[in-house]
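Me: Hi, I'd like to get to know this protein before my next meeting. Could you walk me through the fold?

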Amino acid sequence: MSFQQLNLHPSLMRAVASCGYEKPTEIQLKAIPPAIEGKDLVASAQTGTGKTAAFVLPVLQLLNASPRQRGPQDRRPRVLVLTPTRELAAQIGETVVALGRHLSFRSTVVFGGVGYEPQNQAFRRGLDILVATPGRLLDHAGQRNVDLGGIEILVLDEADRMLDMGFIHDIKRIIQLLPAKRQNLLFSATFPHEIRELADRMMNAPVSIEAARRTMDAESVSQTVHPVDRERKRDLLAHLIKQGDWKQVLVFTRTKHGANKLSEQLDRGGITAAAIHGNKSQTARTRALADFKQGRVRVLVATDIAARGIDIESLPHVVNFELPHVAEDYVHRIGRTGRAGLSGQAVSLVSGEEQELMTGIQRLLKRSIPVVEVDGFKPTAGPSLALPREFFSRNSRGRSGSGDASRSNRYDAKRGFAGGSRRSEGGSNSRWGKSKPRTSVVTGYE
Ligand code: AMP
């Protein structure tokens, strides 16, 4: 399938070509036609699938096809895109500009942490497309800086993430400020109960589409677990970076403090590093990201929320310095690497305390991740594998180095892994073996 078949306006086709997009991604193929027909859409897609263009293109096409109902003197925004973070908002704004470059629509991006006045000026000048984070937009709406009564299309981007970040009430309040008659496009990687409920309430006979979950784990990303004592993680990280001569590494920590500390320690040890997290000013974040993209710093240490939506093409290495508490975040994290068919490497430094988190992640992925001990960094306590040995051996026939070592390890919601690890069923006193079978099922991908 080519972009030709999507019947996009010639100006959009030119912009698509200058962005270097040769053919539509799966989500674009599925989302663009019904969206252009004016239908409501519930789309299951993750970052990295091309979902931004999947809503920006139809939005531009629709705006172009219909003039303002109240005439050109009406300067209220016609399209509202809500997204969880500043970085995502900025990137959507850039996509709108890039794809709309041959059309004459005005767009603006509004998020917290920066002054109100430039945003107010943009509202006063008038605009067509407003990209915003919910909190700041609600502030503006409360101060009557912007009138949302002219919104024709609402896009909720990364709805599940907005829920995680506590924006659900803000979103509901914003929706009440919009005209009831409008088109709704909702994008989410997962569909927890609250998001389904929101979709049910606000959508009008939506078309439901799903882009295959990016199979980065099996295809383009090689994943490895290095078991290591917690206090030796930093040394192991430095060792891996130096030994592998890694030039561009995104490292995830769980806390802002941890991100700062690690970046300072790496820097002191001769590995250039910067931290990016919510306590940093927008300017500091932008600078850190630019330094990283341009190779001036080798390591970017980030928390999940700050890293969310950072668009860096073909990032070669992602390191989980600490595992995320929420298994889905692991998928988001490693989604930063191996994009666009390029190979990537995702490495997790896992200490004994994180065993259960690792089990949860493997349940979510429905596969095991090969464990590789690094000489000189073997954990001092507990058995040498981060996971019950049976986990790998039942179905893998010893191929523990390969990406698909245990693809046949199917997860059954009732019974757990088909491999049936005795240790996980019976329990173990070893801190490496305390994996409890969990029955949580991931929605959205099934
Ligand atoms: P997103 O999922 O929106 O974050 O997009 C991920 C990356 O894919 C961005 O860098 C886009 O510029 C890029 N992209 C979007 N659509 C296409 C396409 N059709 N062909 C190639 N790259 C694309």
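Reply: Happy to; we can go from the overall picture to the sheets, the cores and a few single residues.

Me: Great. What kind of model is it, and how many helices and strands are there?
Reply: It is a predicted model, with 17 helices and 15 strands.

Me: And how much of the protein is buried?
Reply: Buried residues account for 56% of the 446 residues. The exposed surface comes to about 19600 Å², and carbon and sulfur atoms supply 48% of that.

Me: OK, sheets next. What is the strand order in the seven-stranded one?
Reply: That open sheet runs β3-β4-β2-β5-β6-β1-β7, and the pairing is parallel. Its edge strands are β3 (107-110) and β7 (207-210), each pairing on one side only. On average, neighbouring strands here are turned by 15° against each other, direction ignored.

Me: Can you zoom in on β1? What joins it to β6?
Reply: Strand β1 (residues 41-44) and strand β6 (residues 183-188) run parallel and are joined by four bridges. Within that pair, Val42 stands opposite Leu186 of β6.

Me: Which helices pack there?
Reply: Helix α9 (residues 193-202) packs on the sheet and touches β1, β5 and β6, with its direction at about 170° to that of β6. Helix α3 lies across β2 (79-82), β4 (129-132), β5 (153-156) and β6, and runs at about 170° to β6.

Me: Now the six-stranded sheet. What's its order?
Reply: This open sheet goes β8-β13-β12-β9-β11-β10, with parallel pairing. β8 (221-227) and β10 are the edge strands; each has a single partner strand, so one side of each has no neighbour in the sheet. Neighbouring strands are turned by 20° against each other on average, ignoring direction.

Me: Remind me, what holds strands in a sheet together in general?
Reply: Strands of a sheet pair through backbone hydrogen bonds, in either a parallel or an antiparallel arrangement.

Me: Thanks. Back to this one: which strands does β11 pair with, and how many bridges are there?
Reply: On one hand there is β9 (residues 249-252), in the parallel sense over four bridges, with Val249 opposite Val299 in β11. There is also β10 (residues 273-276), again parallel over four bridges.

Me: How does the chain get from β10 to β11?
Reply: It crosses through helix α12 (residues 282-293), and this β-α-β crossover is right-handed.

Me: Where do the β11 side chains point, and are they buried or exposed?
Reply: In β11 (residues 299-302), Val299 and Val301 point one way while Leu300 and Ala302 point the other way, and all are buried.

Me: Which strands does α12 touch?
Reply: α12 packs on the sheet against β9, β10 and β11, and its direction makes about 145° with that of β11.

Me: Switching topic: which residues touch the most other members of the largest nonpolar core?
Reply: Those are Leu57, Leu185 and Phe187, in a core of 39 residues. Helix α3 (residues 51-65) gives the most to this core, with nine residues.

Me: What does Leu185 touch?
Reply: Beyond residues up to four places away in sequence, its contacts include Ala35, Phe55, Val59, Ile153 and Leu156, and Lys39 is also among them. Apart from that core lies another, of 31 residues, including Leu137, Ala159, Phe167 and Ile174.

Me: One residue I'm curious about is Ile36. Why does it count as partly exposed?
Reply: Its relative accessibility is 24%, so Ile36 falls in the partly exposed class, which lies between the 20% and 50% cut-offs. Ile36 belongs to helix α2 (residues 26-36). Leaving aside neighbours within four places in sequence, Ile36 contacts Leu6, Leu8, Pro58, Gln61 and Leu62.

Me: Last one: how many residues of α15 are buried?
Reply: Helix α15 (residues 355-365) is mostly covered, with 10 of its 11 residues buried. Among them are Leu357, Met358, Gln362 and Arg363. Just after α15, Lys366 takes a positive phi of about 60°.

Methods:
Residues are numbered from 1 along each chain as its sequence is written. This is a predicted model: local features need pLDDT of at least 70, side-chain atom pairs count only at pLDDT 80 or more; totals for chains, interfaces and linings use all residues. Side-chain values use heavy atoms; hydrogens and water are left out. Buried means under 20% relative accessible area, exposed over 50%, partly exposed in between (1.4 Å probe, protein chains only). Helices (H or I, at least four residues) and strands (E, at least two) are DSSP runs, numbered from the N terminus. Two strands pair if DSSP finds at least two bridges between them. A crossover is right-handed if, with the strands pointing away from the viewer, the path from the first strand over the helix to the second runs clockwise. Contact means heavy atoms within 4.5 Å. Axes are lines fitted to C-alpha atoms, for helices over the stretch in contact, and angles run from 0 to 180 degrees between N-to-C directions. A nonpolar core is a set of buried Ala, Val, Leu, Ile, Met, Phe, Trp, Tyr and Cys residues joined through side-chain atoms within 4.5 Å. Accessible areas come from the Shrake-Rupley method with a 1.4 Å probe; for residues, only the protein chains shown count as cover.
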